[in-house]
Amino acid sequence: MRSHNASVIANLAFGRPAGVSRSDLARESGLSASTVSAIVADLMGAELLTSSHLARSSGGRPPIVLRFNTKRNHIIGIELGVSHVSVVLSDLAGEVVWRNRVEWYMPEDPPGTLRLIGALVDEARARPEATGELLGLGLAVPCPVDALTPDRLSPRLFPAWSEVRLAAQLHHRVGVRVFVDNDANCGAIAEFYVGAGVDIPDFTFIKVATGVGAGHMVQSHVYRGFSGIAGEIGHTTVDPKGRPCRCGLRGCLEAEIGSGAIVEKALEAIAAGRESALAEVAGLTLADIVAAAERGDALALELIHDAGAHLGVGVANLLNLMNPARVIIGGRLAEAGDLLLEPLRESLRARALWTSVERADVVISSLGEEQIAIGAAALVLRAALADLSLFWGSEAAVPPVSAPVARLWRNGGVGHP
Ligand SMILES: [Zn+2]
């Protein structure tokens, strides 16, 4: 009970960056003043809280404010993408103090990928911005994380990785606990802590890049479904007569608006004689198409418009199914901004029969390309705030890898690792 109460007090202090008094903490936690004082003394002893006097106001003793010590430790978040690795170094407030990104194709080279991540972690830890000890490593992966085998990448998508125990091997390499989650879930967690999802307990984040995935925040917890793979919105059908998908179905959202699909559509149109500045671009990418749309290229505008309309169908289905207060769109395609949002909203209006759709608030993420890595770092913070033993570094008492992450979160706890 004492450790649960300590976690409650630490969370309250974390949520009040301007500072909080002992009496505020007692009132907000419902704990007695003496219990709060004892816990605060413990947390100050562990340097998790710091205290300072406020300026004297109208005579009497100046009140003491307590603050969560966001520089006590640092956290490293890694996004393992299919063709890049992003790393962020963050303090305990989730503020990114250093970042790096390496283009790297991971599907066929597990040992090289593990070496690269290890080297990036070493580089981050050696930075002068890295205050205190490394608290943990968060890792976002480009596939669903199965609750039964959270330490493995999906063997169906990444056969070369089937024997690799990713988190355990990284733990062995870097010596801190490793927390793994799916990239879209990490995106949702980043929005929840520092983005467009702050103070919104129910929202959905949709990442539209090579693949299309969603992270659902439900009552302030990531909703994972029965086996940890909820949110596979990319393989919901938006056009039954649409393009074939790598999953074997047809007209999946991903097959219509994944970056590969949009590039393919552009190349097909050019091959069919359509005039466009895109015809001049060698090695065409989605970024080229977004840039051309911003310059007014008719073909590029049409491609982004179609993508927005298809995404609108997916979002309408999602709204009716989950009724989130907000939908946040991130990933490469989101860089198209209003060019994407307008046809998306139009598509929603055409389906605005339901209150869930009428009241929908759809926005573009503002967290930029490090968003998923920020969410990976936030996995560590979230786990530590739920179980303060992570701060005490008691490796003997806790498993090295966040193996049961999906199951325990699903049990309605407060994000126990
Ligand atoms: Zn599919």
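A: Leaving aside residues up to four places away in sequence, Ala140 touches Ile78, Glu79, Leu80, Asp181, Asp183, Cys186, Ile372, Ala373, Gly375 and Ala376, where two residues are in contact if their C-beta atoms, placed from the backbone, lie within 7 Å. This is a predicted model, in which local features need pLDDT of at least 70 and side-chain atom pairs count only at pLDDT 80 or more, while totals for chains, interfaces and linings use all residues. Residues are numbered from 1 along each chain as its sequence is written.

Ala140 is found in strand β6, residues 133-141; helices (H or I, at least four residues) and strands (E, at least two) are DSSP runs, numbered from the N terminus. Ala140 counts as buried because it has 30 C-beta neighbours inside 10 Å, the scheme being that a residue is buried if 20 or more other C-beta atoms lie within 10 Å of its own, exposed if 12 or fewer, and partly exposed in between, with C-beta atoms placed from the backbone. One of the residues that Ala140 touches is Ala376, and these two are 236 residues apart in sequence but 5.5 Å apart in space, C-alpha to C-alpha.

The wider setting is given by the domains, whose bounds come from an automatic or database domain assignment. The protein chain is divided into domain 1 (2-68), domain 2 (73-189 + 370-410) and domain 3 (196-366). The centres of domain 2 and domain 3, taken over C-alpha atoms, are separated by 26 Å, and the contact takes 18 residues from domain 2 and 20 residues from domain 3. On the side of domain 2 that touches domain 3, α6 (183-194) and α15 (405-410) each supply at least two residues, and the largest share, 6 residues, comes from α6. By class, that side of domain 2 has 11 nonpolar, 4 polar and 3 charged residues, where Ala, Val, Leu, Ile, Met, Phe, Trp, Tyr, Cys and Pro count as nonpolar, Asp, Glu, Lys and Arg as charged, and the others, Gly among them, as polar.

A pair of helices can be followed next. The axes of helix α8 (residues 259-271) and helix α10 (residues 298-322) come within 11 Å and cross at roughly 140°, which makes α8 oblique to α10. Axes here are lines fitted to C-alpha atoms, for helices over the stretch in contact, and angles run from 0 to 180 degrees between N-to-C directions; angles under 35 degrees count as roughly parallel, over 145 as roughly antiparallel, 65 to 115 as roughly perpendicular and the rest as oblique. In this pair, Ile262, Lys265, Ala266 and Ala269 of α8 meet Leu299, Leu303 and Ala307 of α10, and the residues of the contact divide into 6 nonpolar, no polar and 1 charged.

Two loop residues complete the picture. Asn323, in the loop between α10 and β11 (326-330), has a positive phi of about 50° although it is not a glycine, and it is partly exposed, with 16 other C-beta atoms within 10 Å. Gln219 also has a positive phi of about 50° without being a glycine; its place is in the loop between β9 (212-218) and β10 (221-223), and Gln219 counts as exposed because it has 8 C-beta neighbours inside 10 Å.
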